[in-house]
Amino acid sequence: VSGPDREDRPPLRLRLLGQGLSLAIARAPAIWRILRRPTQRFWERSAATWDERIKPDRPEHLAPLAAACDQLESGPRSILELGTGTGAGALMLARRFPDARVSAVDLSTEMVGAARARLPQELAERIEFAVADAAKLPFADESFDLVAQLNVPVYLDETARVLKPGGHLIVGSSLGPDTPYYTPDALLARLCRQHGLDPIRSGDAGGATYFLARRTGGRRR
Ligand SMILES: C[S@@+](CC[C@H](N)C(=O)[O-])C[C@H]1O[C@@H](n2cnc3c(N)ncnc32)[C@H](O)[C@@H]1O
């Protein structure tokens with residue numbers, strides 16, 4: 001069910017907090033310096049129950065990534081997933097693009113530990129999980145054909161830096177505007193343009209939403 005009656009809608013308090021944080025981080029990235037430690041602590045505590053509560057491998061949870069990938073004209077060879085949590089998005093992307101290598105990062109050591117623990121043998125050579133902050137990525141400029149993120153705030157300075165010219169950004173929200181870490185499309189579009197990314201499409205996938213942009217060939221801001 002999508003819309004106001006959906007049963008999986010998180011409590012109002014959580015949605016307001018998460019959406020306030022997402023807006024703050026998107027509009028004033030310097031605020032992340034203050035938010036980083038408490039955010040990290042929150043997700044370290046949440047990791048143990050994430051899979052049981054959210055079931056992130058569900059097709060509905062991953063729908064925004066899948067729908068946005070349908071829009072790509074060619075398959076990416078190098079993919080970065082930001083805020084991978086327990087790794088469901090990274091596994092899905094690796095299966096969808098069998099020629100790609102996937103780097104997947106998360107702020108939480110516990111989340112990354114859980115992701116590594118369930119990495120299937122057949123994908124182990126193509127997926128690498130690492131503890132890293134999306135606001136300070138340990139990757140060289142212009143490293144990736146695709147940067148994807150699901151239910152995570154945006155950190156566009158670093159995303160634009162690590163994307164190759166012509167590379168794509170996917171911002172997915174599994175519960176659409178009810179997602180706690182939700183950034184509205186209009187704000188994403190404005191920020192993308194400021195960072196040398198062209199918004200391509202926003203879409204809906206059964207109540208989930210995605211936003212797709214492409215880095216232009218020109219210089220970043
Ligand atoms: C709502 S969970 C989503 C997890 C996963 N993407 C999913 O949809 O199942 C948000 C995740 O983003 C991570 N996160 C938040 N801010 C981050 C940052 N600045 N850098 C890396 N990971 C971050 C958290 O640790 C948490 O695992």
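**The ligand site and its surroundings**

Author: There are 19 residues around the ligand, and those that come nearest are His61, Gly83, Asp106, Ala134 and Leu150. The model is a predicted one, and the distances below should be read with that in mind. Sorted by class, the shell around the ligand consists of 11 nonpolar, 6 polar and 2 charged residues, and its largest share, 3 residues, is supplied by helix 2, which spans residues 32–54.

A polar backbone atom of Ala134 is 2.8 Å from a nitrogen atom of the ligand, while a polar side-chain atom of Tyr155 lies 3.0 Å from a nitrogen atom of the ligand. On the oxygen side, a polar side-chain atom of Asn151 lies 3.0 Å from an oxygen atom of the ligand. On its own the ligand has 590 Å² of accessible area, and the protein covers 97% of it.

Most residues other than glycine have a negative phi. Asn151 counts as buried because its relative accessibility is 15%, which is under the 20% limit used for that class. A positive phi in a residue other than glycine is also found at Lys55, where the value is about 50 degrees. Lys55 lies in the loop between helix 2 and helix 3, and with a relative accessibility of 48% Lys55 counts as partly exposed.

Thr86 is placed in the loop between strand 1 and helix 4, and it counts as buried because its relative accessibility is 2%. The side chain of Thr86 is joined to that of Asp51 by a polar contact of 2.5 Å. Apart from its neighbours within four places in sequence, Thr86 is in contact with residues that include Trp50, Asp51, Pro56 and Arg118.

Val147, leaving out residues up to four places away in sequence, touches Leu80, Leu82, Thr159, Val162, Leu163, His168, Leu169 and Ile170. In soluble globular proteins, nonpolar side chains tend to be buried together.

Helix 7 itself covers residues 185–194, and its buried residues are Leu187, Leu188, Ala189, Leu191 and Cys192. These buried residues pack against helix 1, helix 6, strand 5, strand 6 and strand 7. After helix 7 comes Gly196, with a positive phi near 80 degrees. Gly196 is also one of the residues touched by Arg214, along with Gly166, Gly167, His168, Leu197, Asp198 and Ile200, when residues up to four places away in sequence are not counted. Arg214 has its place in strand 7, and because its relative accessibility is 32%, Arg214 counts as partly exposed. Between Arg214 and Arg193 there are 21 residues in sequence and 9.9 Å in space, C-alpha to C-alpha.

Terms used. Residues numbered from 1 in each chain as written. Predicted model: local features only at pLDDT ≥ 70, side-chain atom pairs only at ≥ 80, totals over all residues. Heavy atoms only, no water. Buried < 20%, exposed > 50% of the residue type's maximum accessible area, 1.4 Å probe, protein only. Helix = DSSP H or I, 4+ residues; strand = E, 2+ residues; numbered from the N terminus. Contact = heavy atoms within 4.5 Å. Near = heavy atom within 4 Å. Polar contact = N/O pair within 3.5 Å; in protein donor to acceptor, adjacent residues only side chain to side chain. Areas by Shrake-Rupley, 256 points an atom, 1.4 Å probe, with all protein chains shown as cover. Nonpolar A, V, L, I, M, F, W, Y, C, P; charged D, E, K, R; others polar.
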